[in-house]
Amino acid sequence: MALISLEQVTKDYPLGKTTIHALRGVDITIDEGEFTAVAGPSGCGKTTLLNIVGCIDHPTAGSVHLDGQQVEVLSDADEAGLRLHKIGFVFQNFNLIPVLTVEENVAFPAVLAGTPKGERRDYVTYLLDAVGISEYARHRPDELSGGQRQRVAVARALVNRPSLVIADEPTANLDSETGDRILDLMRTLNTRDSVTFLFSTHNPEILRYAGRTIRLRDGRIEGTS
Amino acid sequence: MIWKIAWGSVVRHGRRSLLIVLVVAISVAVMLFVTGMMDGMRQDFFETMVTSGGHIQVDSADTADALDPYSLELLIADWHGIRDWFQSQPEVVRAEPVLTFGAMVLANDHNVPLVGYGVEPDTGFFSDVRSGVVSGSFLDSDGIMLSTVTAGMLDVTAGDTVSVLVEDSTGAPYYLAYPVSGTFRSDGADFDQSAFLISHAAAQDLLYLGDETREVRVVLTDETQASTVADRFRTSDVGTADHLRVRTWREINGGTAVLLEMFDVFMYAVNLLIVIVAATVITNAILMNVFEKIEEFGMMRAIGLTRKGQFGLVLAEGASYGVVGSLLGIAVGVPIVIWFSTHGINFGEMMDSFGLGREVTTRFDLERTIVTAAFGAAVAIGGSLYAGVTAMRLSVIESIRGSA
């Protein structure tokens, strides 16, 4: 069953008197449980595509469906609800909240979702254990390495049991060994817990983890493998 | 967790947070001091009024047009009935006759022109004289109370004898000698330089009067009842006499009452200025916090924080500043207010010339302190409103890019 469906999605950015065409008529369908990579050189539209799928940006034209719901017609609050409950994000720069501990960072989306405290605590403990970072639960982000921070970000992305996890260049700021570990972790969560992952990369080495790879060039799909 | 994030932001922006907290604290402390001082002035005014002039005065109707306010032709003879009527009213604390007259006080080849106050020895008025006794004791039925200023000019002290020379009710000069019961220093320099006290009966003897007095002064339980009681008196059997004039404290002290109202306006203006300055500083400082954390806000919005939630987060930050600043303001302001409530601030002749005494004491009021502290917190929250709205309006994608 299709979890994500993009039909003729375009995205233009006005830049002075010119217009940047970030996406030009993109059609994509991603099924539940897929582990999909979006690949391509810098500036090809990977991040724009992920932002639109993740409901943090809107297409100039075309339509986006997530879990059967048309995204463009949603109100701002409904979009926030959709992001909260159905999508998990992993950012290139980790983007953890510096004043919260690791377990609080992971729990934050669950707090926003109003998950009962006991249930929240148990699931956070499970996730920290799952990503192998439970011994740092009481640490703050600035006390962790880059790889550890990205593990925390992955756990945070999963805490509301989303249908989809979007990871924008999750290994870009990590060394190759740590990057491999993060991808192993994401792949494990995909196969064990059937979490759908959509991640971008410009590193060909990473693509071996992907079940499917969508190649972008100049805002168009160049090919799928 | 929202509060922890807000508090974390306060801690993270150390110097800027210190600036905001200091602005709130100084604002609260200054507002506490200014309002405490104004309250103290108002309290001093009413206390002085209660202790000297009373809330209502009844005297001769001809006094208003008289060239000599101490003329012995401006007396009232039926004062017992007036006093008894007032004392029968539930709002009245006390009513007493006061007989003022012009006199020359002489001793040791010195003489000083003064105003004599004939009062009952157990008078409830002139309590600042009673509490300001420097030597001897308060008035006895045969003695005279002199201020330290007058006693110094006459070179006398408690136990010495002075002569009081008057023009009596027959128009002839007459004098009697009185032992000095005591010397005093009251709150008013003008009063100290111009007045002495003897008993009401002694004044009547000295002036060769029958059972007459200058005026009846009345103290009420509440100054707001003055008009009501005065109107009731005017329509009573006793008060309808044409030769009587009835005045409330507002009519007697019109100038000072207006001055106090002007001080109130001044106080509100000062407080408003403080609020505007504080709110401007806080708004700008929190706005800087918001723009520094724009990517963090973008991330929070991306993972599900609503615009309202983001607005609340900025307001929580403002509230944190407000609470800490207000507590610090109380910690600084309250001891200052309490200290000046016992030590007073000496404004010298300037304030005395307004009839408010030389010294102004502040007044500590717990309820006002709580309200001011809450107001300080509200100013901080108010100052963060604009920053909150600005943060709320940012789009997720602009925030994440840090390009707002």
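This is a predicted model: local features need pLDDT of at least 70, side-chain atom pairs count only at pLDDT 80 or more; totals for chains, interfaces and linings use all residues.
Residues are numbered from 1 along each chain as its sequence is written, chains are lettered from A and ligands numbered from 1 in the order in which they are written, and side-chain values use heavy atoms, with hydrogens and water left out.

**Cavities**

I used a 1 Å grid over the protein atoms alone: a cavity is a set of points where a 1.4 Å probe fits but cannot get out, a pocket is an open set with protein on both sides within 12 Å along at least five of seven lines, and lining residues have an atom within 4 Å of a point. Grid points are joined across faces, edges and corners, and a volume is the space filled by probe spheres set on the points. By this rule I get 3 cavities of 30 Å³ or more.

The largest cavity holds about 70 Å³. Among its lining residues I noted A:Arg83, A:Phe89, A:Pro109, A:Arg156 and, from chain B, B:Ile303. Two or more lining residues come from each of α2 (76-86), β6 and α5 (146-158) of chain A. Helices (H or I, at least four residues) and strands (E, at least two) are DSSP runs, numbered from the N terminus. I sorted this lining into 8 nonpolar, 2 polar and 2 charged residues; Ala, Val, Leu, Ile, Met, Phe, Trp, Tyr, Cys and Pro count as nonpolar, Asp, Glu, Lys and Arg as charged, and the others, Gly among them, as polar.

The second largest cavity has a volume of about 50 Å³. Its lining includes B:Leu32, B:Val334, B:Arg363, B:Asp365 and B:Arg368. Here α2(B) has the largest share, 3 residues, and the classes are 4 nonpolar, 3 polar and 3 charged.

**Second largest pocket**

I read about 290 Å³ of space for the second largest pocket. It has 17 lining residues, with A:Thr47, A:Phe91, A:Gln92, A:Asp168 and B:Ile400 nearest its centre. At least two residues each come from α1 (46-53), β6 (87-90) and β7 (164-168) of chain A and from α15 (396-401) of chain B. The lining divides into 9 nonpolar, 5 polar and 3 charged residues.

**Helix α3 of chain B**

I listed the buried residues of α3 (79-87) of chain B as B:Trp79, B:Ile82, B:Arg83, B:Trp85 and B:Phe86. They lie on the same side of α3(B), because they cover an arc of only 160 degrees around the axis. Buried means under 20% relative accessible area, exposed over 50%, partly exposed in between (1.4 Å probe, protein chains only); the arc is that of the directions from the helix axis to the C-beta atoms. The cover over these residues includes β1 (56-60), β2 (92-107) and α8 (226-234) of chain B.

**Two residues**

I placed B:Ser60 in strand β1 of chain B. B:Ser60 is buried at 5% relative accessible area. Contact means heavy atoms within 4.5 Å; beyond four places in sequence, B:Ser60 touches residues including B:Leu74, B:Arg214 and B:His243.

A:Tyr209 sits in the loop between β8 (196-201) and β9 (212-217) of chain A. A:Tyr209 is also buried, at 12%. Leaving aside neighbours within four places in sequence, I found A:Tyr209 in contact with A:Phe35, A:Asp180, A:Leu183, A:Asp184 and A:Arg187.
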